[in-house]
Amino acid sequence: MRNELFSENIMGEKHAYRKLFNEGSVMFVLYHEPVEAELSAWAKSVFGVTKLEELHLLPDPVSFNNYVERLYYRVNQLKDKIYEIQEEIENIKVQLLVPLVGEISKYQFPPSIRCHLNGGGTASAFHKDGDAKYKISANSLNLWIPLTRVWGNNSIHIEQSMNSGNFREVILSPGEILLFDAFNLTHGSFPNDTNSSRISLDIRFVPNDITLAQKLGLYANYPIQKYK
């Protein structure tokens, strides 16, 4: 995957981001330091830990029969407190998304929560958000917000073009947000064999007018070559 750094004026505002070029579309890495300063601090407070990467080292508060029960217990801990960060989630839309793709017609809250614990199974089976069973709005895009450093099998793996079966990991640090077409690109995770647990949030949204997102190359089902 080829990485390039950009700082461009988009819709009249200076916007810093990194483009990840793949075979059929573009993914953006947006920079937003409050993700680390505020969202990570919130999750640490909920779990009572100083390092989210070490969440798997906490003793089980109750007896679990399997990894899935443990995963959902941790996810529900965050769900119960999710409205504490509603303002921060809204700020991501206003400060990052609107300058990039224009006004937003649909914006998910509460976000989906993933706790991909060390030593356990997958946090999300491979899928497309556009699969009919999920009933996700057409033209939706996905913000993937890791609250920990992600790499290897603690990260998400994304198909490089529609139906290619060619997957690559995403490598990010806290404060970086991935913007990609989860509706059309298969994505998911493998069992976490790293020494680090991963906490992440997913936010789906739909631009009012998808033209700008198309021109940026964000939709994998749209011919990006038209705008190269």
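Predicted model: local features only at pLDDT ≥ 70, side-chain atom pairs only at ≥ 80, totals over all residues.

**Entry 1: ring pairs**

I began with Y83, which is exposed, its relative accessible area being 56%. That is above the 50% cut-off, so the exposed label follows.

Next I counted aromatic pairs and got four. In one of them, Y83 meets F109: the ring centres are 5.2 Å apart and the planes stand at 70 degrees, so I logged the pair as edge-to-face. Where do Y83 and F109 sit in the chain? Y83 is in the loop between α2 and α3 (86-101), while F109 is in the loop between β4 (104-107) and β5. The two are 26 residues apart, and the pair links distant parts of the chain. F109 comes out as partly exposed, at 23% relative accessibility.

Then I looked at F126 and F190. Their rings make a tilted pair, with 5.0 Å from centre to centre and 55 degrees between the planes. F126 belongs to the loop between β5 and β6, and F190 to the loop between β10 and β11, so this contact ties together parts 64 residues apart in sequence. Buried or exposed, or in between? F126 is partly exposed at 31% relative accessibility, and F190 is also partly exposed, with a relative accessible area of 35%. I also found that ring pairs join F126, F167 and F190 into a cluster.

One more ring, this time with a charge: the charged end of R149 sits over the ring of W151, 4.1 Å from the ring centre.

**Entry 2: the largest pocket**

I turned to the open space. The largest pocket holds about 260 Å³. I get 16 lining residues, and those closest to the pocket centre are L71, Y72, I113, R114 and A123. Two elements give two or more residues to this lining, α2 (67-79) and β5 (112-116). Which of the elements gives the most? It is α2, with six residues. I sorted the lining by class and wrote down 11 nonpolar, three polar and two charged residues.

**Entry 3: the largest cavity**

How many cavities of 30 Å³ or more does a search of the whole structure find? The search gives one. The volume of the largest cavity is about 110 Å³. I list 14 residues in its lining, with R114, S124, I156, H187 and D202 closest to the centre. R114 had already come up among the residues closest to the pocket centre.

The elements that give two or more residues to the cavity lining are β6 (141-146), β10 (187-188) and β11 (198-207). The largest share comes from β11, with three residues. By class, I noted three nonpolar, six polar and five charged residues around this cavity.

**Entry 4: strand β3**

Last stop was β3, residues 26-31. This strand is mostly covered, with five of its six residues buried. Which way does β3 run against β9 (residues 176-180), parallel or antiparallel? The two run antiparallel, joined by four bridges. I picked out L30 and traced its bridge partner in β9, which is I177. Reminder for reading the strand by eye: side chains in a regular strand alternate between the two faces of the sheet.

Conventions:
Residues numbered from 1 in each chain as written. Heavy atoms only, no water. 1 Å grid on protein atoms, 1.4 Å probe; cavity = no way out; pocket = protein on both sides within 12 Å on 5 of 7 lines; lining within 4 Å. Points joined across faces, edges and corners; volume = space filled by probe spheres on them. Nonpolar A, V, L, I, M, F, W, Y, C, P; charged D, E, K, R; others polar. Phe/Tyr/Trp six-rings, centres within 6.5 Å; stacked < 30°, edge-to-face > 60°. Buried < 20%, exposed > 50% of the residue type's maximum accessible area, 1.4 Å probe, protein only. Lys NZ or Arg CZ within 6 Å of the ring centre and 35° of its normal. Pairing = 2+ DSSP bridges.
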